[in-house]
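Hi,

Here is the model I promised to pass on. Have a look at it first, and my notes on the helix packing follow below.

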Amino acid sequence: MKYKGALMEYAQERIDDLMRAHDEYISSCRYIRMPEVYSAIVNMPSRRFWVSDIRATLVVSAMMRSETVLEGMWPLKREMYEEIHRRVIALREEYPHRTVSDLCAMVVQQPAPKFYLTPGSAKMMVCKARKEWRKRKTGKWRLW
């Protein structure tokens, strides 16, 4: 159950980061065109890679063993793991005695070049987050 709690925490942190990017982009626009907003924010830098260090270790380790772990993955997810793998290889030069697990834990905490989400996924997440924010603001939010 502890792992599930960590995943829920990551989910909220990712939404917070996505909302930060959303607000940043909106405040920089003279005219707001919503389809452009979601395309832009998914390509803005994210404060970290939104994957657990455990999952990153599994995928990167398989990549290092030349396994075809990336086959069948969605293109954005594949791109994210390729970037994590590239960074792990670079860090390995600096920290040769660290394990792949340690290196992956370091990498996933680093700023990511983008969110690795589709604009449609970002739209759903932002709309849901805004709906929950409005509920809390109007007092219709209940804690169970």
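H4 and H5 cross in a right-handed sense. Bear in mind that this is a predicted model. The axes of the two helices, H4 and H5, come within 9 Å and cross at roughly 120°, which means that H4 is oblique to H5. On the H4 side, the contact is made by Ile-84, Arg-87, Val-88, Leu-91 and Arg-92. H5 brings Val-100, Leu-103, Cys-104, Met-106, Val-107 and Val-108 to the contact. Sorted by class, the contact of H4 with H5 has 9 nonpolar and 2 charged residues, with no polar ones.

Now the other pairing of H4, the one with H3. Here the axes are 10 Å apart and the helices pack at an angle of about 75°. H3 and H4 are therefore roughly perpendicular to each other. From H3, the residues in the contact are Arg-55, Ala-56, Val-59, Val-60, Met-63 and Met-64; from H4 they are Tyr-81, Glu-82, Ile-84, His-85, Val-88, Ile-89 and Arg-92. That contact divides into 9 nonpolar, 1 polar and 3 charged residues. If you are colouring the model, note that Ile-84, Val-88 and Arg-92 of H4 are listed for the contact with H5 and also for the contact with H3.

A bit more on H3 itself. This helix runs over residues 53-64, so 12 residues, and its span from first C-alpha to last is 16 Å, close to the 16 Å expected at 1.5 Å a residue. Which residues of H3 are buried? They are Ala-56, Thr-57, Val-59, Val-60, Ser-61, Ala-62 and Met-63. Helix H4 (75-94) and helix H5 (100-108) are included in what covers the buried residues of H3. Just after H3, there is a positive phi of about 65° at Ser-66.

One more residue to look at while you are in H4: Glu-83, which is found in that helix. Is Glu-83 buried or exposed? It has a relative accessible area of 16%, so Glu-83 counts as buried, the cut-off for that being under 20%. And what is Glu-83 in contact with, leaving aside its neighbours within four places in sequence? The partners are Phe-49, Pro-113 and Tyr-116.

Best wishes

Definitions and conventions. Residues numbered from 1 in each chain as written. Predicted model: local features only at pLDDT ≥ 70, side-chain atom pairs only at ≥ 80, totals over all residues. Heavy atoms only, no water. Helix = DSSP H or I, 4+ residues; strand = E, 2+ residues; numbered from the N terminus. Expected span 1.5 Å × (residues − 1). Buried < 20%, exposed > 50% of the residue type's maximum accessible area, 1.4 Å probe, protein only. Contact = heavy atoms within 4.5 Å. Axes fitted to C-alpha atoms, helices over the stretch in contact; angles between N-to-C directions. Parallel < 35°, antiparallel > 145°, perpendicular 65-115°, else oblique. Left-handed = near helix turned anticlockwise from the far one by under 90°. Nonpolar A, V, L, I, M, F, W, Y, C, P; charged D, E, K, R; others polar.
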